[in-house]
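Hi everyone, thanks for making time today. I'd like to walk you through a structure that may be new to you, so please have a look at it first.

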Amino acid sequence: MKRAVYATLMCLFAAMCFVSIGMAQVEEIAIGNTFGVGARTMGMGGASLALADDFTALYWNPAGMAQIQKFEFFSSFSHNRANADTYFAGDETTGTSRSQLRPNSLGFVYPLETRQGGLAVGFGYNRPQNFDYQTAIQGIDSGSGTDFSGFAVDEMNINRGGIGIWSFGASVYVTKRVLVGGALDFWQGNSLHELDTEATDILNVDNQWSRFRYDDAIDREYSGIGGRIGFLAHLTDTINLGLTFVSPVELGVDELWDQATVDVYDDGEKATDATSGGQAFDIERPFEVGAGIAVKLLNKQLILASDVQLTDWTQTRYDPAPADDIPKDNFEAYYAPTFQVRVGAEYQIPVIDTHVRLGYLLDPIPFIYDLDDVGTLDVRNFLTAGVGKIFEDSLKLDVAYMLGTWQQDRNGLTIERLSHRVFVSAAYRF
């Protein structure tokens, strides 16, 4: 009888992703986690709303496409290496990393005319969200007053995948200095979450349990339709203003899951259980608005740019909720509005006709773990640098590097994250 009770408690324990790191709600991976597209833009910290002068304008600000005066074919790849150091149970530290090379952008822009009133259309793919990261925990659970105090914990939490957007858009000069554009977006992606946890009674703190193992896998497919509208104004020959509106998106989710538990007792007896299932639900993403400014100095050799992006994540909704224990006000209670800030600079070195770039990206994490401190959000900080060169007025190559750092403290568990992102883009115009 006692073993049956123990097994039930362990299943509850596993469902909470280990009592030592459990929390009231789980962060929704499809919310936030923006990655960025285009090496030129990301070298400038993502500040692009008032520039938007290559194919990635289709994502950043579709109004900018009409600035492109030749047919452009664009491609971009990104490599991400995500490191995580986990501090668990005092001085116990576990490091892990995950790296992945993925396509970042692919598409074209076709200008129908190049004079005032001209029109440009674009079609292609941009991948702005990335889920490739993992964390690990190893050490003795030093918590007191729980059924699992003193157990040796060994856990690996792996996430992979991302969400991309297929878009078709158009841009037009409505006056000599004002452009308007829009895009129809088809969201598509996937995510795979794998959690492997094991607790071992190496200190003999329990008189029945020897070891417990829990494996959980959640495989998702995402799809949805949305759109965006952009405005770009050349206030003067040296000052641009950009404004974008991203429509709400009803992101459909098809989810499959598998769970398995194994209990091993001191006398060698073993109890196993496995279950699987599937479900479908929607994540209703909120309206987003962005604004940017770009200033060109030193005979346009120096460009300074800055963007802000507002998203009120409290307006997100599940329909229906993916789990019974997720309340109707989940996003209102556990999420907050965010201001993403992007600043950058680009300087053209005349002697070698090469552009060098620097930037900074502040990306708040919208999920709130501590409801008593709703005014404080975890913030991801990224420093960026890049270089670009145009060959024979037709081939443009750009490379960018982003270094990101942030820290999360959760119920005695501290995770220090470090990311290295490299973007390589090539554009051919003719």
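Predicted model: local features only at pLDDT ≥ 70, side-chain atom pairs only at ≥ 80, totals over all residues.

**A first walk through the model**

Is valine 356 buried or exposed, or something in between? It is partly exposed, with a relative accessible area of 33%.

Together with Leu297, Leu298, Leu304, Tyr347, Val387, Val399, Tyr401, Val422 and Val424, Val356 makes up a nonpolar surface patch with about 750 Å² of accessible area. Two elements give two or more residues to that patch: strand E17 (395-410) and strand E18 (413-429).

Now let me step back to the overall picture. The protein has 430 residues, and 49% of them count as buried. How many helices and strands are there? The secondary structure comes to four helices and 18 strands. Among contacts with a separation of 6 or more, 69% are between residues 24 or more positions apart.

Let's go inside. In soluble globular proteins, nonpolar side chains tend to be buried together. Here, the largest nonpolar core has 34 residues, and those with the most contacts inside it are Ile163, Tyr222, Leu251, Ile283, Tyr335 and Phe423. Several elements supply at least two residues each to this core, including helix H2 (39-43), strand E5 (152-173), strand E9 (249-265) and strand E10 (270-285). Apart from this core lies another one, of 23 residues, with Ala52, Leu58, Leu179 and Ile303 among them.

What does tyrosine 335 touch, once we leave aside its neighbours within four places in sequence? Its contacts include Val26, Glu27, Glu28, Ile31, Trp313 and Phe367.

Please keep Glu28 from that list in mind, since it takes us to the charged residues. Side chains of opposite charge can pair when their charged atoms come close. The structure holds 19 salt bridges. Glutamate 28 forms one of them with arginine 220, with the closest N and O atoms 2.7 Å apart. This pair links distant parts of the chain: glutamate 28 is in the loop between helix H1 (2-15) and H2, arginine 220 is in strand E7 (residues 209-234), and they are 192 residues apart. Glutamate 28 is buried, at a relative accessible area of 3%, and arginine 220 counts as buried too, at 10%.

A second salt bridge joins arginine 160 and glutamate 194, at 2.9 Å between the closest N and O atoms. Arginine 160 lies in strand E5 and glutamate 194 in strand E6 (residues 178-200), so this pair ties together parts 34 residues apart in sequence. Arginine 160 is partly exposed at 25% relative accessibility, and glutamate 194 is partly exposed at 26%.

Arginine 380 and aspartate 363 meet in a salt bridge at 3.3 Å, N to O. With arginine 380 in strand E16 (residues 379-391) and aspartate 363 in strand E15, the pair ties together parts that are 17 residues apart in sequence. Both residues, arginine 380 and aspartate 363, are buried. Finally for the charges, Arg40, Asp53, Glu346, Arg357, Lys396 and Asp398 are linked in a network of salt bridges.

On to the rings. The count comes to 20 aromatic pairs. In one of them, phenylalanine 71 and phenylalanine 430 are tilted, 5.1 Å centre to centre with 50 degrees between the planes. Phenylalanine 71 lies in the loop between H3 and strand E1 (72-88), and phenylalanine 430 in the segment after E18, so the pair ties together parts that are 359 residues apart in sequence. Phenylalanine 71 is partly exposed at 22%, whereas phenylalanine 430 is exposed at 56%. Both belong to a cluster linked by ring pairs, together with Phe108, Tyr110, Phe123, Tyr125, Trp166 and Tyr428.

One last stop is aspartate 307, in strand E12 (residues 302-312). Aspartate 307 counts as buried, at 1% relative accessibility. Where is serine 48 relative to aspartate 307? The two are 259 residues apart in sequence and 7.1 Å apart in space, C-alpha to C-alpha. Beyond its sequence neighbours, aspartate 307 is also in contact with Gly46, Ala291 and Gln340, among others.

Technical notes:
Residues numbered from 1 in each chain as written. Heavy atoms only, no water. Patch = residues over 30% accessible without salt bridge, like charges linked within 9 Å, V, L, I, M, F, W, Y side chains within 5 Å. Areas by Shrake-Rupley, 256 points an atom, 1.4 Å probe, with all protein chains shown as cover. Salt bridge = Lys/Arg side-chain N within 4 Å of Asp/Glu carboxyl O. Buried < 20%, exposed > 50% of the residue type's maximum accessible area, 1.4 Å probe, protein only. Core = buried A, V, L, I, M, F, W, Y, C linked by side-chain atoms within 4.5 Å. Contact = heavy atoms within 4.5 Å. Phe/Tyr/Trp six-rings, centres within 6.5 Å; stacked < 30°, edge-to-face > 60°.
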